[in-house]
Amino acid sequence: MKLTLKIWRQENAKAKGRFETYQLDNISSDCSFLEMLDILNEQLVNDQVKLPVDTISFDHDCREGICGMCSLYINGRPHGPEQGTTVCQLHMRHFKDGDTITIEPWRAGPFPVVKDLMVDRLAFDKIIQAGGFTSVSTGGVPDANAIPIRKEDADLAMDAAACIGCGACVAACKNASAMLFVAAKVSQFALLPQGKIEAKERVHAMVAKMDELGFGNCSNTYACEAECPKNISVENIARMNREYFSQAVTKADRKQNGGGAG
Amino acid sequence: MRKTDVKLSSLSKKYFMAFAGLFLISFLVVHLGINLFILPITADHELIFADAVHFMSTNPLIKVMEVVLFGGFILHAILGVILQLQNWNARPVGYKVSQKSQVYSPFTRFMIHTGIIIFVFLIIHFMNFYFVKMGWAEPPQGAHIVEGQHDFYNMALNLFSSPFYCILYIVLIMGLGFHLHHAFQSAFQSLGLNHPTYTPVIKVIGTIYSVLVTFGFISIPLYFLFV
């Protein structure tokens with residue numbers, strides 16, 4: 001395959017970026033999208049005469065669709081044209097010979113560009129730190145069947161937990177909203193008894209952090225669901241909305257007046 | 001905290017948007033129901049219309065609801081603008097190539113624009129009717145206006161006798177229709193009312209509602225244009 005690539009190049013977060021055009025030849029249609037970029041970088045190394053070599057930076061790690069590191073906005077869609085896949089699971093057979101492919105980084109205020117196609121997604125970690133956890137139990141290994149959980153709830157929690165936190169929802173959303181990510185992370189705990197202990201604070205803390213970081217609001221366009229590589233449903237957003245409301249109206253903090261029964 | 005933030009979380013703003021929106025949605029049905037009596041659908045349609053207008057402008061409960069309605073509308077408009085500004089701020093650098101996903105609906109993307117259309121319509125609407133009722137504006141002159149007497153029926157007839165007004169009315173109401181199409185199901189989602197069985201039903205009802213309301217309102221200028 002012969003390809004023309006238009007790739008966003010940016011030195012660092014503060015630098016002004018630009019698109020650079022690259023030509024590639026002899027790309028196998030069995031090649032994965034990231035392998036194609038590896039070949040391009042290899043070519044850049046071989047062609048470059050002076051050091052340091054300026055290769056194209058892009059995020060990747062497991063390359064089997066489960067880590068959520070890869071994050072490319074290909075021809076106007078996060079993770080490229082295929083549905084329910086990450087970039088690393090995208091193959092060149094989904095493109096035609098002679099195609100021009102435009103590759104951009106995720107675009108969102110809270111996701112600043114680190115270099116080229118790499119963005120800083122620390123914002124997601126901060127949201128998780130705000131409430132996306134359960135209290136740690138110490139002691140012996142608990143029995144797996146000690147806490148009964150309704151099968152349907154376990155399935156829904158598992159579906160929500162499938163979110164790999166790649167940020168495609170933010171990239172796809174016209175408002176750069178992180179609602180689907182936060183909703184998935186809230187849902188996976190809200191559905192399970194283990195998550196009930198922090199439930200009163202969790203959703204409010206995570207939403208407050210999300211707002212503080214400058215993500216946009218949800219306008220129920222559902223582009224996030226359509227572009228999510230893990231097919232996370234917007235039902236989770238509705239669940240988060242319910243959870244937020246019900247936790248707000250049922251929260252009754254007893255006044256702490258010091259001292260216990262002892 | 002951002003400047004535009006009024007100390008309401010993103011979700012709280014959405015609840016207020018949804019509640020106010022649903023209230024406005026229900027109000028439109030009442031308004032349309034009365035408006036349709038401008039058309040000769042029954043022998044005494046003019047009397048029924050006059051009775052309805054009298055009820056709506058004198059009943060104490062409706063007076064209270066009027067305050068709720070204006071408050072709800074203003075809240076909905078202000079929050080809508082705040083949310084939109086935040087949304088635009090959330091992506092300082094845009095994409096070069098942006099493809100519409102399969103779920104793309106122009107109605108969702110243009111909520112702020114159709115919202116502004118509705119706002120413009122309401123300014124015209126208020127100048128034509130409400131301000132006249134309150135005595136803040138002179139009743140419009142025309143063939144249907146009897147001197148010193150300005151009932152809503154004749155004021156409406158007077159306005160609809162102008163083809164320019166009819167066409168403007170149709171265009172602006174179309175904006176309302178597009179707004180409603182997205183608004184209906186969106187309000188339920190914002191309130192957390194999403195269910196695998198009922199959500200598709202809500203979406204269908206929302207489409208039927210927006211089409212019926214739009215064509216209901218438009219039928220009046222169409223009648224005066226063509227009949």
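Visitor: How many salt bridges does a search of the whole structure find?
Guide: The model is a predicted one. Over all chains, the search finds 15 salt bridges.

Visitor: Which residue meets A:Arg63 in a salt bridge?
Guide: A:Asp38 does, with 2.8 Å from N to O between the two side chains. A:Arg63 sits in the loop between helix H1 (33-47) and strand E3 (73-74) of chain A, while A:Asp38 belongs to helix H1, so the pair ties together parts that are 25 residues apart in sequence.

Visitor: Buried or exposed, A:Asp59 and A:Arg121?
Guide: A:Asp59 is buried, and A:Arg121 is buried as well.

Visitor: Which residue forms a salt bridge with A:Arg77?
Guide: The partner of A:Arg77 is A:Glu227, and their closest N and O atoms are 3.0 Å apart. A:Arg77 is in strand E4 (residues 77-78) and A:Glu227 in helix H7 (residues 223-227) of chain A, so this pair ties together parts that are 150 residues apart in sequence.

Visitor: Why does A:Arg77 count as buried?
Guide: The cut-off for buried is under 20% relative accessible area. A:Arg77 counts as buried because its relative accessibility is 8%. A:Glu227 is buried too, with a relative accessible area of 6%.

Visitor: Which residues do salt bridges that share partners join into one network?
Guide: The network consists of A:Arg9, A:Asp54, A:Lys115 and A:Asp116.

Visitor: Let us turn to domains. What does the domain assignment of chain A give?
Guide: The assignment gives domain 1 (3-114) and domain 2 (122-135 + 148-250). Taken over C-alpha atoms, the centres of domain 1 and domain 2 of chain A are separated by 28 Å.

Visitor: How many residues are in contact between domain 1 and domain 2 of chain A?
Guide: Domain 1 of chain A has 18 residues in contact with 20 residues of domain 2. Between them the two domains bury about 1400 Å², of which 59% is on carbon and sulfur atoms.

Visitor: Which three residues supply more than any other three of the area that domain 1 buries against domain 2?
Guide: They are A:Pro78, A:Pro110 and A:Phe111, which supply 35% of the area that domain 1 of chain A buries against domain 2.

Visitor: What about salt bridges and polar contact between domain 1 and domain 2?
Guide: The count between domain 1 and domain 2 of chain A is one salt bridge. Five residue pairs are in polar contact, both residues of each being at pLDDT 80 or more. On the side of domain 1 that touches domain 2, the residues divide into nine nonpolar, seven polar and two charged.

Visitor: Now the two chains. How many residues of chain B are in contact with chain A?
Guide: There are 35 residues of chain B in contact with 46 residues of chain A. The chains bury about 3500 Å² between them, with 49% of it on carbon and sulfur atoms. In chain B, the residues that lose the most area to chain A are B:Leu11, B:Arg91 and B:Tyr95, together 18% of what that side buries.

Visitor: Which helices of chain B each supply at least two residues of the side that touches chain A?
Guide: They are helix H1 (10-35), helix H3 (60-89), helix H4 (106-109) and helix H7 (163-190) of chain B. The residues of that side divide into 11 nonpolar, 18 polar and six charged.

Key
Residues numbered from 1 in each chain as written. Chains lettered and ligands numbered in written order. Predicted model: local features only at pLDDT ≥ 70, side-chain atom pairs only at ≥ 80, totals over all residues. Heavy atoms only, no water. Contact = heavy atoms within 4.5 Å. Buried area = accessible area lost by both parts, 1.4 Å probe. Helix = DSSP H or I, 4+ residues; strand = E, 2+ residues; numbered from the N terminus. Nonpolar A, V, L, I, M, F, W, Y, C, P; charged D, E, K, R; others polar. Salt bridge = Lys/Arg side-chain N within 4 Å of Asp/Glu carboxyl O. Buried < 20%, exposed > 50% of the residue type's maximum accessible area, 1.4 Å probe, protein only. Domains from an automatic or database assignment. Polar contact = N/O pair within 3.5 Å; in protein donor to acceptor, adjacent residues only side chain to side chain.
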